[in-house]
Amino acid sequence: MVVNVIAVSYGIAAAAFLLLTLLMVTSWRGLLHGIALAVASGLTAAWAGLVAQQATHGIQLSLFSDVLELARDAAWTVFLLLVLNPYRKSGGTPALQSKLALPALVALYLLCTVGTVYTRWIARDVDAMVYFMFNFVGRVAVAVIGMLLVEQLYRSTPPQERWAIKFACLGIGGLFMYDFYLYSDAMLFRSLSSEIWAARGMVNALAVPLIAVSAARNPKWSLDIAVSRRVIFHSAAVFGAALYLLLMAVAGYWLKFFGGSWGAVMQVTFFAAALALLAGIVFSGTVRSRLKVFISKNFYNYNYDYREEWLRFTRTLSTKGPGLGERAIQAIADLVESPTGALWLQGDAGYKLEAQWHMPDAAGSEPAGSAFCQFLEQRQWVVDLGELRDNPEKYDNLALPGWLAGLERAWLVVPLIMHESLLGFVVLSQPRSRIVLDWEVTDLLKIAGNQAASYLAQQQTANALMVARQFESFNRMSTFIVHDLKNLIFQLSLLVANAEKHKNNPEFQKDMMETLDNSVKKMKLLLHKLNSSDSIEGPAPLSLDKLLTQAVALKSQFEPRPTLELADTGLTLLANWGRMERVVGHLIQNAIEACGRDGRVLVRLRRDGANAVIEVADNGTGMSQEFIRDRLFKPFETTKSAGMGVGVFESREYVQELGGHLEVKSRQGEGTSFIITLPLNGQRAAQQQDEQQEESA
């Protein structure tokens with residue numbers, strides 16, 4: 001299948017200008033410049049499409065295509081005149097000074113149109129000289145006029161505004177320059193060159209991105225035609241790779257053709273080396289960096305696409321990966337294409353190295369009160385170390401710290417300011433491609449430094465809070481241990497007080513030994529908890545009968561002696577023996593202290609469905625409802641002179657941890673009842689399973 005080169009070439013041009021036309025139409029605000037640009041682009045698309053359609057049927061030139069070509073040239077000329085008109089020379093005269101210029105242009109296009117119609121339709125067998133004059137000389141004149149208008153537009157535009165129209169001048173000027181080349185060659189050889197004619201469509205298509213960039217820069221032409229930097233970057237990369245492969249293919253063909261018997265070997269070897277070189281270029285960070293800088297400098301008014309940069313910056317700081325310090329360095333370094341960096345943060349002894357990103361030679365620390373740190377905090381400048389060495393007066397003759405002067409590739413120092421204070425600073429190395437440190441770059445680095453400082457300060461606060469919580473947990477555990485020690489001391493003090501009176505009593509001696517043995521075991525348990533922040537034994541099934549019997553026995557030396565009533569037996573509970581015994585023992589101790597010697601303390605166990613109910617009741621002084629509501633379960637609130645105020649709080653916390661609840665019934669002068677309701681062993685296991693299923697759901 002033979003490919004029709006002309007059809008493909010002009011088809012590409014038609015598609016490109018049609019896309020530009022659609023962009024202009026969809027973003028049109030009613031401005032005259034936008035209308036003219038859309039019309040010129042639309043006529044060019046129609047002309048190129050017609051030529052492509054005719055080429056598929058073997059037709060190269062026709063009256064309709066010639067007329068459309070003239071209409072295309074006229075539309076671009078009108079657009080140039082509309083854009084050119086607002087620009088005036090210093091004397092206030094129009095850039096096109098002659099009053100005959102516009103009528104001459106109209107006459108030229110009318111003459112070319114009439115001549116084309118005459119030679120193509122009315123007098124097809126007209127003399128060759130007439131055809132030559134109208135179709136070649138007239139077209140050359142039109143191309144020359146177009147190039148002059150482009151030159152006038154660029155020269156008459158103020159220098160500070162040329163960035164907005166330079167690419168349009170290149171694109172539209174390229175259209176007219178190629179026409180001049182085409183028809184000048186035709187005038188020289190008295191016929192159109194088929195190769196130059198075939199390439200014309202592709203050359204015209206190359207003008208579209210240039211015109212689109214200028215349209216995006218100039219709001220008078222269109223609205224919101226945003227050419228993405230990412231699209232430009234990838235398009236330039238693909239175009240460059242394609243051009244490279246094309247050149248390599250030509251070189252490979254030449255090697256095969258002229259290489260003789262070694263031609264095929266040389267071609268394959270050359271292609272392998274070329275592909276390896278291309279892969280190295282594509283994956284080279286330096287090449288990508290230089291291409292980005294080139295595009296930003298030459299295609300855009302600002303160096304950065306701030307939306308993309310800020311999204312990338314925030315994403316780098318927020319995503320999982322290495323430590324936050326390394327991510328902060330990377331996020332700031334990527335803004336200026338710096339490959340390495342290091343972070344110094346404020347500590348107790350000044351600013352010390354916190355993290356490094358591909359900078360293994362980073363080292364040293366800086367005192368908080370040094371001149372260098374004070375300069376960063378007061379001025380909040382991004383310090384260019386090269387400029388500091390060459391022009392120290394700009395930085396108030398600031399002396400570099402020795403450790404910083406020793407970093408060979410150090411380039412910038414970016415301060416991290418938090419609430420007008422210097423939290424730290426980042427040192428960046430030389431970039432992959434040359435970066436001009438203008439106001440835009442330095443302002444972006446300052447803002448990025450402030451944002452990174454907020455993330456780092458938040459991490460420092462979170463770490464400090466975690467340490468504070470650990471200390472809080474330790475202090476809370478210590479408080480409970482001290483409370484338990486107080487109870488043990490009270491028991492041992494009572495034992496000592498009764499020893500003189502009952503030391504010869506065998507029963508007392510037996511109780512004394514049991515009490516001492518139990519106290520030693522509890523002290524060992526407390527020491528273990530203090531060292532390991534855990535208990536020796538975990539939750540396990542325990543018999544409530546035995547636990548309550550032991551708890552009551554340990555309090556039998558006190559007056560009044562508690563009594564135990566087991567309404568139901570054989571009840572088991574899934575809990576820690578030591579902690580549960582401490583809960584019951586504390587409630588019994590409180591009941592004893594609330595009664596006089598003639599009082600009564602009753603410990604009762606019964607079953608209520610799937611729960612076990614433990615009640616500790618006394619007929620002591622009782623408590624008011626206000627005290628129960630506001631102070632009873634509040635830690636460190638106590639009415640005892642030697643109390644800690646954590647016993648009831650700890651009891652309720654552990655009961656709730658087991659899935660139960662603690663209820664208090666009391667009236668002043670009538671006594672108090674503490675009622676503990678706990679799920680039995682099997683019921684507790686089922687309850688835990690239900691809770692896990694709810695969490696997973």
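The following paragraphs lead through a predicted model of a protein, from its overall make-up to selected residues and pairs.

Because the model is predicted, local features are reported at a pLDDT of at least 70 and side-chain atom pairs at pLDDT 80 or more, while totals for chains, interfaces and linings use all residues. Residues are numbered from 1 along each chain as its sequence is written, and side-chain values use heavy atoms, with hydrogens and water left out.

The secondary structure comprises 22 helices and 13 strands; helices (H or I, at least four residues) and strands (E, at least two) are DSSP runs, numbered from the N terminus. The protein has 697 residues, of which 42% count as buried. Here buried means under 20% relative accessible area, exposed means over 50%, and partly exposed lies in between, with a 1.4 Å probe and protein chains only. The accessible surface comes to about 37,300 Å², and 60% of it belongs to carbon and sulfur atoms; accessible areas come from the Shrake-Rupley method with a 1.4 Å probe, and for residues only the protein chains shown count as cover. Among contacts (heavy atoms within 4.5 Å) with a separation of 6 or more, 69% are between residues 24 or more positions apart.

Confidence is expressed as pLDDT, the predictor's confidence in each residue, from 0 to 100. The average for the protein is 77, and 70% of the residues score at least 70. Over residues 86–100 the pLDDT is below 50, and this stretch has 18 contacts in the model beyond near neighbours in sequence. Residues 222–227 also have a pLDDT under 50, with 15 contacts beyond four places in sequence.

G424 belongs to strand β6, which covers residues 421–429. With a relative accessible area of 0%, G424 is buried. Not counting residues up to four places away in sequence, G424 touches W344, L345, Y351, P415 and L416. The C-alpha atom of G424 is separated by 7.3 Å from that of L343, although these two residues are 81 residues apart along the chain.

P539 provides a contrasting case. P539 is placed in the loop between α17 (506–532) and β7 (540–543), and its relative accessible area of 63% makes it exposed. Leaving aside neighbours within four places in sequence, P539 is in contact with L574, A575 and N576.

Charged pairs come next. The structure holds 12 salt bridges, a salt bridge being a side-chain nitrogen of Lys or Arg within 4 Å of a carboxyl oxygen of Asp or Glu. One of them joins E69 and R139, whose closest N and O atoms are 3.3 Å apart. This pair links distant parts of the chain, since E69 is in helix α3 (residues 63–84) and R139 in helix α5 (residues 128–156), 70 residues apart. Both E69 and R139 are buried. These two residues also belong to a network of salt bridges that links E69, R72, D73, R139, D179 and R200.

Another salt bridge is formed by R604 and E565, with the closest N and O atoms 3.2 Å apart. R604 lies in strand β10 (residues 601–608) and E565 in strand β8 (residues 563–566), so the pair ties together parts that are 39 residues apart in sequence. R604 is partly exposed at a relative accessible area of 22%, and E565 is partly exposed at 36%.

E657 and R579 form a further salt bridge, in which the closest N and O atoms are 3.8 Å apart. E657 is in helix α21 (residues 647–657) and R579 in helix α19 (residues 577–594), 78 residues apart. The relative accessibility of E657 is 48%, which counts as partly exposed, and R579 is partly exposed at 26%.

Cysteines may be considered in turn. A disulfide is a covalent bond between the sulfur atoms of two cysteines. With a disulfide taken as a pair of cysteine sulfur atoms within 2.5 Å, a search of the whole structure finds 0 disulfides. C169 counts as buried at 10% relative accessibility, and C595 counts as buried at 11%.
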